[in-house]
Amino acid sequence: MASLKNLGVITLLLLSLTVQKTWGKEDADGAGSECGVSEIGSDEKASALKLKVIAIFTILIASILGISFPIIIRGMPVFKPDGILFILVKAFASGVILATGYVHVLPDSFECLTSPCLPEYPWAKFPFTTFIAMVAAVLTLMMDSVAFSYYRKHGMSKREAENDEGCEHGYGHSHGVGAKKLDEGASKLLRNRIIAQALELGIVVHSVVIGLSMGASENARTIKPLIAALCFHQFFEGMGLGGCILQAEYKAKMKAVMVFLFSVTTPFGIALGIALTHVYSDNSPASLIVVGVLNAISAGLLNYMSLVDLLAADFMGAQLQSNIKLQMWAFMAVLLGVGGMSVMAKWA
């Protein structure tokens, strides 16, 4: 959880830097009139503000419903974590997360870091978006591997000490078999917990950025279709994260914290954007660089997590490998999630 808090602090610091550098920025400092702040009428601004307030509450509700859905229905036999319906829903949600990284976040980063409002050197001379996304994916792999090794080692040491104590009391006759089963179960649980936290990191960064962009926008015609698209986006992305939280078997307090963080980040970003409307410019160099870099990092993390930790882990697992029919249905669910989220890219 410390990593989630640190990421939030870093994000806010970067956004603060953006605001400071954007304050007082004159149109002449950009690359022509397209890099300046466009003049929008007071009626348009009032309509946009109403839509943004509506967006805060509708997206909050959609986020809560999406991430809470797998957790609330966990008691129903048909939705148990190893059940067929749960596997298909998780495959669909994983497809949504994959499309979010490739179709939504990565192109946004390209748009920011290749903007004509940025100096030609170095931004037009090097593919910063793909480079940053690649580095983010590798760093995610490193964090994933090191965290798993560290906690597994310390967890094993603790369990071995407990088993040794059990042997001394005369009930360690099945020590070898019992420890092996315990180790396998604990390793799987640990893996699920690392996946859940790492996935939330990438989603939190992305959610703050898209919320800030919507909050700072004063174009009502752009905001209106964006609300529906983001509600769809947050609901199904929340379902994917909620499934991971469910498999991580966190206690109620930890579940509540993760649900809260996911649910409020986009509305918080919108509220922050509304507060910074008069000082934040989407086209200022500082804003473009900060948002572009954050989106590239988020894309790399989401792409890695969706492909490696969600899709590959499930499709190469024993349950899908032993059932070709279920595997085909799961592929269809992934394609449906990818397709639906890709269509949403037209509006969001």
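**Exercise 1.** In this predicted model, determine how many of the 31 residues of α9 are buried, and check the length of the helix against its residue count.

*Solution.* Begin with cover: 22 of the 31 residues are buried, so α9 is mostly covered. Next, take the length. Helix α9 runs over residues 285–315, and at 1.5 Å a residue it should span 45 Å. The expected span counts one less than the number of residues. Finally, look at the axis: α9 has a kink of about 30°, centred on M305.

**Exercise 2.** Classify the ring pairs that F128 forms with W123 and with F126.

*Solution.* A pair of aromatic rings is described by the distance of the centres and the angle of the planes. The structure holds seven aromatic pairs. For W123 and F128, the centres are 4.8 Å apart and the planes meet at 50°; the pair is therefore tilted. For F126 and F128, the centres are 5.1 Å apart and the angle is 70°. Planes over 60 degrees apart count as edge-to-face, and this pair is edge-to-face.

**Exercise 3.** Which residues make the nonpolar surface patch of about 620 Å², and is V135 buried or partly exposed?

*Solution.* The patch is made by F126, F131, M134, V135, V138, L139 and M142. V135 is located in helix α5, residues 128–168. Its relative accessible area is 31%, so V135 is partly exposed.

**Exercise 4.** Which residues are linked into a cluster by ring pairs?

*Solution.* The cluster consists of F92, F232, F235 and F236.

How values were computed
Residues are numbered from 1 along each chain as its sequence is written. This is a predicted model: local features need pLDDT of at least 70, side-chain atom pairs count only at pLDDT 80 or more; totals for chains, interfaces and linings use all residues. Side-chain values use heavy atoms; hydrogens and water are left out. Helices (H or I, at least four residues) and strands (E, at least two) are DSSP runs, numbered from the N terminus. The bend at a residue is the angle between axes fitted to the seven residues ending there and the seven starting there. Buried means under 20% relative accessible area, exposed over 50%, partly exposed in between (1.4 Å probe, protein chains only). Patches are made of residues with over 30% relative accessible area and no salt bridge: like charges are joined within 9 Å, nonpolar side chains (Val, Leu, Ile, Met, Phe, Trp, Tyr) within 5 Å. Accessible areas come from the Shrake-Rupley method with a 1.4 Å probe; for residues, only the protein chains shown count as cover. A salt bridge is a side-chain nitrogen of Lys or Arg within 4 Å of a carboxyl oxygen of Asp or Glu. Rings of Phe, Tyr and Trp (its six-membered ring) pair if their centres lie within 6.5 Å; planes under 30 degrees apart count as stacked, over 60 as edge-to-face and the rest as tilted.
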